[in-house]
Amino acid sequence: MEKNESRSSISPTFCILPWVHRFTNIGGEIQVCCTSEEYNNTVIGNDGTPMNISRVQDDDTIMNSEFMKKLRLQLMQGQWPNLCTRCRVTESTGGRSRRLSENTHFSEFVDSAVLNTSAEGEIKTQIRSVDFRLGNLCNLACRMCSPRASSRWVNDWGKVNQNWFVFSEEIANEFRNQDWF
């Protein structure tokens, strides 16, 4: 495996999460991170299907999928992948993005992440952070959530004017029965 050469400065779009973080969403979808949920951030397997914890649990298979390798290379080359739009917009408007926060939090791993990434984007998998959201059973109905994240919203969601979230009885039943775990 050919390693990338040492870099005197890190790419302006580099985010450590695709090297050290594993996120599984409420429905079992394996995704890049929770910050990019409104974008298509589900990790796609080498067979072209979205990865789900019911079918894939191996960290190395997930982290070295073609999807993740391409994502890492884009971040190292100064590109903003579409799924990183929220961080890009936050930073362009003067805010502190999750990308910046995580790079600071995991700063001790950044240099080795870059140096030990192959020219194809492959890494030796070393998960340092995990976020497994194991269903939507919750005793709260926080304003920032939806029925997907909190079962307490299921019965009242129809009273909320939400143009961005289509909520049918079929979806309500799905959210009442989040039991994949």
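Colleague: What should I know before I start?

Modeller: The model is predicted, so local features need pLDDT of at least 70 and side-chain atom pairs count only at pLDDT 80 or more, while totals for chains, interfaces and linings use all residues. Residues are numbered from 1 along each chain as its sequence is written, and side-chain values use heavy atoms, with hydrogens and water left out.

Colleague: How many cavities of 30 Å³ or more are there?

Modeller: A cavity is a set of points, on a 1 Å grid over the protein atoms alone, where a 1.4 Å probe fits but cannot get out; lining residues have an atom within 4 Å of a point. A volume is the space filled by probe spheres set on the points, which are joined across faces, edges and corners. Here there are two cavities of 30 Å³ or more. Of its 14 lining residues, Cys15, Cys33, Leu83, Cys84 and Cys87 are the closest to its centre.

Colleague: Which residues line the second largest cavity?

Modeller: They are His21, Gln31, Val32, Val43, Ile62, Met63 and Met68, and the volume of this second largest cavity is about 30 Å³.

Colleague: With those cysteines in mind, how many disulfides does the structure hold?

Modeller: A disulfide is a pair of cysteine sulfur atoms within 2.5 Å, and the structure holds zero. For cysteine 15, the nearest cysteine sulfur belongs to cysteine 87, 6.3 Å away. The sulfur of cysteine 138 is 6.0 Å from its closest cysteine sulfur, in cysteine 142, so the two are too far apart for a bond.

Colleague: Is cysteine 15 buried or exposed?

Modeller: Buried means under 20% relative accessible area, exposed over 50%, and partly exposed in between (1.4 Å probe, protein chains only). Cysteine 15 is buried, at 10%, whereas cysteine 138 is partly exposed, at 28%.

Colleague: How many salt bridges are there?

Modeller: Side chains of opposite charge can pair when their charged atoms come close. A salt bridge needs a side-chain nitrogen of Lys or Arg within 4 Å of a carboxyl oxygen of Asp or Glu, and this structure has five. One of them joins glutamate 66 and lysine 69, at 2.9 Å from N to O. Glutamate 66 is partly exposed at 46%, and lysine 69 is buried at 10%.

Colleague: Which residue forms a salt bridge with glutamate 91?

Modeller: That is arginine 99, with the closest N and O atoms 2.9 Å apart. Arginine 99 is buried, at 7% relative accessibility.

Notes:
On a 1 Å grid over the protein atoms alone, a cavity is a set of points where a 1.4 Å probe fits but cannot get out, and a pocket is an open set with protein on both sides within 12 Å along at least five of seven lines; lining residues have an atom within 4 Å of a point.
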